[in-house]
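Take a walk through this structure, one piece at a time. Keep the picture in view as you read.

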Amino acid sequence: MATKVHMEALSPTMEEGRLVKWTKREGDAVKTGETLAEVETDKAVMELVARADGQLIKVVAAEGSTVPVGNVVAYIGAPGEKVDGASSAAPAAPQPPAVSRQPSAGAPPTPVPGAVAADAARVKASPLAKRIAQEAGVDLKLVTGSGPGGRVVKRDLERAPAGSAGPATQPSVPLPTPRSPVPERSGAAYDDVPLTQIRKTIAKRLATSLGPIPHFFLTTDVDMERATEARGALNQQLGDQGKVSFNDIVIKAVALALTKHRACNAWFQDDHIRYWNEVHIGVAVAVDDGLITPVVRNADLKSLAQIGAEARDLAQKARSRRLKPDEYTGATFSVSNLGMFDIDEFTAVINPPEAGIVAVGSIVPKAVPDGDRVVVRRRLRLTMSCDHRVIDGATGAQFLRTLKQMLENPLAMLL
Amino acid sequence: MLRPYTINPGLPVANQFDVVILGGGPAGYIAAIRAAQLGLATAVVEKEKLGGVCVNIGCIPTKALLHSAYIASLLKESKDFGVEASGVKTDYGVAMKRSRRVSDQNSKGVEFLMKKHKVTVVKGTGVLQPGRKVKVGADVYEAKKAVLVATGSRVKGIPQIGLEINKSTVISSDDALLLEQVPASLAIVGAGAVGMEFADIFHAFGVKITLIEALPRILPLEDAEASDALAKSYKKRGIEVIAGAKVTKAAVGKDKVTLDVEAGGEKKKVEVVAVLMAAGRAVNTEDIGLKECGIQLTDRGFIKVDKNLQTTAPGYYAIGDVAGPPMLAHKGFREGACVAELVAGQKPHPIRYDNVPSVTYCHPEVASIGLTEDQCKEKKLDYVAGRFPFSANGRARGTGETEGFVKILRDKKYGEILGAHIVGGHASEIIHELAVARENEYTVEEVELAIHAHPTMSEAVAEAALDSLGRVLHI
């Protein structure tokens with residue numbers, strides 16, 4: 001019986017490999033451990049080695065072809081042995097573990113696709129890197145490994161680049177190297193920078209958003225005069241006990257509006273829609289080489305001060321890459337704010353499987369008609385992106401109207 | 001040599017290769033094998049024997065002689081082991097001839113490897129030319145992908161103080177390896193690995209040795225405890241060791257040399273039959289066409305390279321001793337393999353220059369990796385030192401090799417192995433457990449958790465790791 005040679009996961013994030021070159025040909029004798037082919041993974045060119053002795057009796061994958069991990073690329077057997085139906089009857093790719101339906105109680109399930117979940121279970125890291133990460137509370141999954149096969153090693157967790165004069169004393173808690181996405185200019189015409197794990201995840205997840213998800217967008221103009229007054233009063237009240245930002249007010253208002261419009265607080269799950277009873281708001285945070293969406297859980301039940309403190313803590317952790325998986329997964333709806341960059345309005349990309357996201361612009365004074373006069377008011381543009389498979393136009397519009405009302409009259413949040 | 005007709009431009013030209021390597025020493029021949037493995041047409045240009053200094057006048061013959069020395073000293077104390085050897089005579093000429101045979105076997109081995117991998121070996125002196133070419137005599141060899149400069153290094157004298165190598169009374173290690181008989185007395189200038197090893201060899205063959213080192217300690221690059229242990233061991237054997245010494249003057253006569261030596265404020269005259277210069281090496285960068293190709297040197301005279309070992313001239317790489325310290329064969333091996341992979345379009349793993357083991361094969365052997373304790377202090381690292389003496393190791397007691405110790409320096413917080421130092425029998429072999437550990441970022445705990453066979457010298461490594469954790473068992 002011939003032994004199947006599978007495309008192996010040669011790096012922790014590898015889902016498919018490009019067969020660069022067969023180093024053995026059909027008919028060549030092979031021994032366990034010998035290199036059969038060179039395979040380009042998502043990180044590097046690696047060697048695919050034989051797991052059995054014998055003869056390479058059949059090559060299924062051609063040079064240059066890309067093969068999913070787990071598929072058969074060749075067969076090793078006795079000389080002359082025939083492979084049954086070996087043409088290219090490669091078995092199906094391994095099934096991603098189905099996302100189980102969980103009772104509402106407890107932590108929400110992780111909404112990452114199966115492949116990512118499988119990666120998450122196994123992080124390659126050196127014992128030293130594990131120890132440093134544990135001490136510093138760094139999530140190794142968010143760190144790009146530069147060791148063999150994408151293994152996370154000490155230098156990946158160090159702030160100071162290797163070879164630089166070290167600090168007088170070792171930092172008590174080393175942080176992951178903040179990587180600038182753009183490298184220093186080399187002499188070449190261009191510089192290729194391998195995708196970091198976080199950027200790969202962004203690429204993978206967002207490509208499952210705007211392409212496959214039928215988006216539509218709703219924009220509304222919100223008067224923020226009263227919210228501004230309310231925020232001023234609240235902050236005065238809080239004193240040095242904390243601070244409430246406009247974003248916190250938006251998070252709270254979105255959460256409350258969702259409790260009134262459950263149709264928007266939902267996940268699209270291929271063969272079913274999951275309407276959430278809990279409200280967990282994802283808050284997009286820009287980090288050094290990408291973005292991540294930490295989650296304010298049960299935002300509808302929390303006070304503005306609580307939301308403010310939690311959002312700031314999560315943003316801080318996100319920037320130092322210390323978020324734990326349960327802190328950035330499980331949102332039921334998201335908020336993205338680019339107001340601080342003087343963006344008046346924009347559309348945000350839905351974070352699947354969520355069905356909606358609200359994009360928050362900056363609060364700007366605008367001339368608006370008030371009866372027969374023109375007055376200057378502080379205004380805010382909100383744009384909601386909706387997954388049309390879950391939310392219809394009118395449904396989204398009703399939610400947005402409630403949100404607008406709550407922001408324009410913060411007392412409505414008490415209703 | 002084939003003279004190709006370039007009638008059909010589509011056919012490969014006989015003097016055209018993917019890679020041309022100047023120098024067939026450790027860096028060069030490994031680069032050639034790896035390049036050939038990766039399907040590149042490869043040529044090596046070598047003016048002398050394949051294998052370079054290492055195989056012919058370095059690592060390999062000295063190890064042969066050191067074993068002769070070991071046998072001589074073993075026989076001296078064999079009575080204690082119940083084996084009485086009387087009438088023991090030593091003959092350096094015989095030992096030397098054996099060492100030459102060992103070298104020749106190794107050089108032939110490299111020749112065989114070149115044949116096996118279909119690497120073209122060009123005998124002759126090569127000179128680099130612009131356009132990725134190497135000229136050997138009247139022939140020009142062109143490299144389509146890369147030229148690798150692996151011209152190595154050579155011994156140097158100190159002409160400034162009158163110690164120019166003259167091959168009779170002032171000799172280099174090259175000459176020492178070919179002596180038919182030993183001088184009655186020998187001063188060795190420089191107590192690095194080379195000086196230490198020759199002191200060991202010649203002492204065992206009955207030569208009166210004076211070992212002179214300019215820096216405050218012999219084996220100055222090693223951990224101070226290792227240096228001190230060796231100084232003590234050598235003095236006990238009757239080797240005179242003068243460290244922190246300056247040779248102010250040398251009077252080289254026909255059959256004797258008188259050195260004026262200043263050490264610790266005292267002046268001393270050392271009168272010997274010959275002086276062995278073991279104070280450093282010079283890289284072979286002259287007359288190989290570097291300037292013509294736009295290849296620059298560093299302030300210290302090495303070839304300037306980037307992180308991919310590419311020189312300042314694109315398409316020209318430098319590997320081995322010429323590319324910079326440490327000037328060790330195994331560092332050259334790795335650079336050769338790495339550049340071959342790079343040229344073949346692979347992405348080799350970056351070389352960890354902080355994880356190159358250093359070994360001196362004198363008796364007892366000295367092996368180390370990573371930082372010394374002084375370096376830890378300089379860097380203000382928070383470290384803990386763990387030690388275990390071979391005198392407490394069962395295997396070492398059995399073989400009578402109780403000299404020396406294992407010392408591990410670990411980071412206090414995470415247990416990272418910052419450095420490891422071994423003095424003792426087989427230290428050169430034992431060190432690799434720690435090299436693997438460091439390469440894979442194992443901490444002292446992983447080293448200790450690995451079960452070590454009993455009784456072995458290697459148990460001392462696990463015990464030193466335990467000692468650094470405050471849990472040593474056998475002391």
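Two strands count as paired if DSSP finds at least two bridges between them. With that in mind, turn to chain A. Keep in mind, too, that this is a predicted model.

Four strands of chain A form an open sheet. Their order is β1-β8-β6-β3, and the pairing is antiparallel. Which strands stand at the edges? They are β1 (3-6) and β3 (29-30) of chain A. Each has a single partner strand, so one side of each is left without a neighbour in the sheet.

Now look at one pair inside that order. Strand β6 (residues 54-59) of chain A and strand β8 (residues 72-77) of chain A run antiparallel. Four bridges join them.

Next comes the place where the chains meet. Here 15 residues of chain A are in contact with 15 residues of chain B. Which helix gives the largest share of chain A's side? Helix α2 (residues 127-136) of chain A does, with five residues. By class, the side of chain A that touches chain B has nine nonpolar, four polar and two charged residues.

Cross over to chain B and its helices. Start with helix α3 (residues 59-76) of chain B and helix α6 (residues 193-204) of chain B. Their axes come within 8 Å and cross at roughly 45 degrees. An angle under 35 degrees would count as roughly parallel, and one from 65 to 115 as roughly perpendicular. α3(B) and α6(B) are therefore oblique to each other. Their crossing is left-handed. On the α3(B) side, the contact is made by B:Thr62, B:Leu65, B:Leu66, B:Ala69, B:Ala72 and B:Ser73. α6(B) brings B:Glu197, B:Asp200, B:Ile201 and B:Ala204. Six of the contact residues are nonpolar, two are polar and two are charged.

The axes of helix α1 (residues 26-37) of chain B and helix α8 (residues 329-343) of chain B come within 7 Å. They cross at roughly 35 degrees. Is this crossing left-handed or right-handed? α1(B) passes α8(B) in a right-handed crossing. The residues that α1(B) puts into the contact include B:Pro26, B:Ile30 and B:Arg34. Among those from α8(B) are B:Phe333, B:Glu335 and B:Val339. By class, this contact of α1(B) with α8(B) has 11 nonpolar, three polar and three charged residues.

Key
Residues numbered from 1 in each chain as written. Chains lettered and ligands numbered in written order. Predicted model: local features only at pLDDT ≥ 70, side-chain atom pairs only at ≥ 80, totals over all residues. Axes fitted to C-alpha atoms, helices over the stretch in contact; angles between N-to-C directions. Helix = DSSP H or I, 4+ residues; strand = E, 2+ residues; numbered from the N terminus. Left-handed = near helix turned anticlockwise from the far one by under 90°. Contact = placed C-beta atoms within 7 Å. Nonpolar A, V, L, I, M, F, W, Y, C, P; charged D, E, K, R; others polar. Parallel < 35°, antiparallel > 145°, perpendicular 65-115°, else oblique.
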